[in-house]
Amino acid sequence: MTIHINTDTKTLQLNNKRSENSGRLLVKCPDQPGIVAELSKFLFDHESNIVESSQYSSDPEGGTFFIRLEFHCENLPEKREQMEADFQAIAGRYSMEYRFAYGSERKRTAIFVSKEPYCLMELLWEWQNGDLETDIAVVISNHEVARPMVEALGIPFHYIPANKDIRKQVEEEQIRLMEEYDVDLLILARYMQILTPEFVEHFPNQIINIHHSFLPAFIGARPYERAFDRGVKLIGATSHYVTNDLDEGPIIEQDIERVDHRDDVVELKKIGRQIERRVLAKAVKWHLEDRILVENNKTIVFH
């Protein structure tokens, strides 16, 4: 007798089982001795195995302590409520700000895009490849360019024309859609519209943007042309959380590549787009995996 096993289905079932029993604990508190031991004992007492641990102290003498713990716990969905209740005593003792996250709860993302779809395409590829732990709930654009590639993947696409004269109405519709699709993270994948303070306040540390790293030089239109005229030697990109200070939110990731006099404007743009794609994808991936803690206007990234 021949037994046929669907390897993909079996692998998917195993991965789902691992995910539902995986958890993450992120903590920020005043630094003092004993924190790591306390957290380790807590997880041990709740029959959890630590599979990854990363920590950072801003200053061992009176600074702030940050830690990310990833753990595995059999039957975690049934145990998590009791774990969270039990943890409150430790949190109170050490003045902790903390957050539990669970592999069984995939974050839902919305991608905003304008005419240039290269960052969107990178995210869609990473998502199809299983490298982004998310459900892409919706794509929103002020142009129709990306509709075919998005709808071909079964993802809802909403075309909302946008300009400064109708910005209030546009953002009201966008907020409504974020609520309708129950979105956890907004990704600005080259969305070329300025967001109002009212919109940003709805989503604190939930909007990730990407732009070239010339700033504060070459602000505004045609940055690559002006960079070429200036003879720049480095091309880069920055991904950050959006705040009401334009392009000055907490930085998540940056990267650069060296260029020289042989690179014309077309080549500079090509290099810049390649950097933007990978920098944005990394920032999104780290956010989805709960690897980022925001402290004032900086980030602690455990990667």
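**Figure 1. Surroundings of Arg-291.** The side chain of Arg-291 makes a polar contact with the side chain of Glu-289 at 2.7 Å, where a polar contact is a pair of N or O atoms within 3.5 Å; within protein, one atom must be able to donate a hydrogen and the other to accept it, and residues adjacent in sequence count only if both atoms are side-chain atoms. A polar contact of 2.6 Å also joins the side chains of Arg-291 and Glu-52. The model is a predicted one, in which local features need pLDDT of at least 70 and side-chain atom pairs count only at pLDDT 80 or more, while totals for chains, interfaces and linings use all residues. Residues are numbered from 1 along each chain as its sequence is written, and side-chain values use heavy atoms, with hydrogens and water left out. Arg-291 is found in the loop between helix 9 and strand 12 (292–295); helices (H or I, at least four residues) and strands (E, at least two) are DSSP runs, numbered from the N terminus. Arg-291 counts as buried because its relative accessibility is 11%, with buried meaning under 20% relative accessible area, exposed over 50% and partly exposed in between (1.4 Å probe, protein chains only). Leaving aside neighbours within four places in sequence, Arg-291 is in contact with Glu-52, Arg-68, Glu-70, Trp-286, Ile-300, Val-301, Phe-302 and His-303, contact meaning heavy atoms within 4.5 Å.

**Figure 2. Helix 9 and its two ends.** Helix 9 (residues 265–288) has 24 residues and reaches 34 Å from its first C-alpha to its last, close to the 34 Å expected at 1.5 Å a residue, the expected span being 1.5 Å times one less than the number of residues. At the start of helix 9, a side-chain oxygen of Asp-264 comes to within 3.3 Å of the backbone nitrogen of Val-266. Helix 9 is followed by Asp-290, whose phi is positive, near 55°.

**Figure 3. Helix 8 against helix 9.** Helix 8 (residues 223–230) and helix 9 pack at an angle of about 120°, with their axes 9 Å apart. That angle makes helix 8 oblique to helix 9, since angles under 35 degrees count as roughly parallel, over 145 as roughly antiparallel, 65 to 115 as roughly perpendicular and the rest as oblique. Axes here are lines fitted to C-alpha atoms, for helices over the stretch in contact, and angles run from 0 to 180 degrees between N-to-C directions. Tyr-224, Glu-225 and Phe-228 of helix 8 meet Val-265, Leu-268, Lys-269, Gly-272 and Glu-276 of helix 9.

**Figure 4. Helix 4 against helix 9.** The axes of helix 4 (residues 118–128) and helix 9 come within 9 Å and cross at roughly 45°, and the two helices are therefore oblique to each other. Helix 4 passes helix 9 in a right-handed crossing. Tyr-118, Cys-119, Glu-122, Leu-123 and Glu-126 of helix 4 make the contact with Arg-273, Glu-276, Arg-277, Leu-280, Ala-281 and Val-284 of helix 9.

**Figure 5. His-211 in strand 9.** His-211 has its place in strand 9 and is buried because its relative accessible area is 9%. The side chains of His-211 and His-240 make a polar contact at 3.4 Å. Not counting residues up to four places away in sequence, His-211 touches Arg-190, Ala-237, Thr-238, His-240 and Asp-247.

**Figure 6. Two loop residues with positive phi.** Most residues other than glycine have a negative phi. Asn-75, in the loop between strand 3 (64–73) and helix 3 (76–93), has a positive phi near 60°; this residue is partly exposed, with a relative accessible area of 41%. Phe-218, in the loop between strand 9 (207–212) and helix 8, has a positive phi near 55°, and is buried, with a relative accessible area of 17%.

**Figure 7. Asn-244 in its loop.** Asn-244 lies in the loop between strand 10 (234–241) and strand 11 (251–258) and counts as partly exposed, at 41% relative accessibility. Apart from neighbours within four places in sequence, Asn-244 is in contact with Thr-196, Pro-197, Val-200 and Glu-201.

Key:
A crossing is left-handed if the near helix is turned anticlockwise from the far one by less than a right angle, and right-handed if clockwise.
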